[in-house]
Amino acid sequence: MDGIHDVGGMHGFGHVEPLTDAPPFAEPWEGKAFVIGALSARIAGGNLHAMRHGIERVPPSEYLAGYWNRWTIGAQLMMEDSGIVTEEEVRARAARLSGQDVPEPPPPAPHKPQMATGGAGNLRSRDTPPAFAVGDLVRVAEHDHPGHTRLPRYVRRRTGTVTALQPCQVFPDTAAHFVGEDPQHCYTVEFDSRELWGSNAEPFRLSIDLYEPYLEPAR
Amino acid sequence: MTSASEHLDPALRVEALASLLIERGLLDEATVETFVKTYEQSVGPMNGAKVVAKAWTDPDYRARLLADGTAAIGELGFKGPQGEHIVVLENTPAVHHVVVCTLCSCYPWPVLGLPPSWYKDPAYRSRVVREPRQVLREFGLDLDDGVEIRVHDSSSEVRYMVLPERPDGTEHLSEAELADLVTRDAMVGVAQVTAP
């Protein structure tokens, strides 16, 4: 999906934050948020890809209101999809925790997704051999559906060179929607910065890992 | 009660969500505490620093690390979530690697722990794939024009860690002393390691 999460190359976000040695959680609630998100796939019967898709579906204003905010809402969206909680329940509970005497709505009926899995983690194998080899010129495909993908906007329709074959992996585009793991070959593709950003770009090379369905032979 | 479109304070949302999950037997305080303690105390950049210091002092280990990062890192006992396949990128006087995840905040947890705030921030994610030299300069790293920059966007389940250059003047230091010099920022590629 073309969402707020896909920020590669966007203008307008200003200076980078300063480097600090701050601990992972500035406040206790952030640690709790982390754990809820880390366990959310297990709680919801989902997976890592569905969790990422949850974060992508967080409304832009909420997405930009801090990392642990979008992380928590994303995890909650995945749990809502599985009938674990509702936003109304969370709002009512938040109000009660704040001392308001509001009624709590009844909990939803859980309906966790059922998808066959090839085991823990995301590394898999595939019977068909890789379509591309190191050194091949490839063109990145267009992406035209609102579902989850790991194909960022800024490399679509660009031409690069395969520099490495990475392990075959669960395909996020299908797994996030519980359609199936459909493992895919994965390639590191390298682009010249001018291919991505035009002739005045800073000179550098950019590498990104792309699944085979995202690629076609360059002509 | 706030309406569903109104921003709910995130700390309050987390408390509310946690209390509902705990009530349903889907979460418990002890698990929360264990996870938090793990990522506050045991899984962090001190792990990656040990990997780097060993690579600096043991040429065979360095070769193994660059050939199969996951296995060589596993030799030191570092494995787990977000570390299924780790590729180590070697910085040299001619080539400087820097790592990002433009779509979310993918990061090699077993060696670096959880990502710092700047890594998750849209400013870093949007800009380092477009103007990396300028971004590095803002972080205080001014690379010579002759140094080639290579940016790595972590878009699959492959995770990247940078093996920084060993600074001059550290020949006399032990592996443990070297590990103390290695920073998280250098292992992401936004800084270099400096001698004490």
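The dialogue below takes up confidence, a helix, the core, the chain contact and the domains.

Trainee: On what conventions does the discussion rest?
Mentor: This is a predicted model, in which local features need pLDDT of at least 70 and side-chain atom pairs count only at pLDDT 80 or more, while totals for chains, interfaces and linings use all residues. Residues are numbered from 1 along each chain as its sequence is written, and chains are lettered from A and ligands numbered from 1 in the order in which they are written.

Trainee: What pLDDT does chain B average?
Mentor: Chain B averages 97, and 99% of its residues score at least 70; pLDDT is the predictor's confidence in each residue, from 0 to 100. For the complex, the predictor gives an ipTM of 0.97 and a pTM of 0.97.

Trainee: Why is α3(B) called largely enclosed by the rest of the structure?
Mentor: Because 10 of the 13 residues of α3(B) are buried, the description holds. Among them are B:Lys50, B:Val52 and B:Trp56. The buried residues pack against elements of chain B including β4 (158–163) and α10 (175–181).

Trainee: How do you know that the span of helix α3 (residues 45–57) of chain B agrees with its 13 residues?
Mentor: The expected span is 1.5 Å times one less than the number of residues. For this helix that should be 18 Å, and its end C-alpha atoms are 18 Å apart, so the two agree.

Trainee: What makes a set of residues a nonpolar core, and which have the most contacts inside the largest?
Mentor: The set must be buried Ala, Val, Leu, Ile, Met, Phe, Trp, Tyr and Cys residues joined through C-beta atoms within 7 Å. The largest has 103 residues, and A:Leu210, B:Val52, B:Val98 and B:Val182 have the most contacts inside it. Helix α4 (residues 67–81) of chain A gives the most to this core, with 8 residues.

Trainee: How many residues does the contact take from each chain?
Mentor: The contact takes 63 residues from chain B and 71 from chain A, two residues being in contact if their C-beta atoms, placed from the backbone, lie within 7 Å. The largest share of chain B's side, 12 residues, comes from α1(B).

Trainee: Where are the domains of chain A?
Mentor: The assignment gives domain 1 (1–114) and domain 2 (137–217); such bounds come from an automatic or database domain assignment. Their C-alpha centres lie 26 Å apart.

Definitions and conventions. A residue is buried if 20 or more other C-beta atoms lie within 10 Å of its own, exposed if 12 or fewer, and partly exposed in between; C-beta atoms are placed from the backbone. Helices (H or I, at least four residues) and strands (E, at least two) are DSSP runs, numbered from the N terminus.
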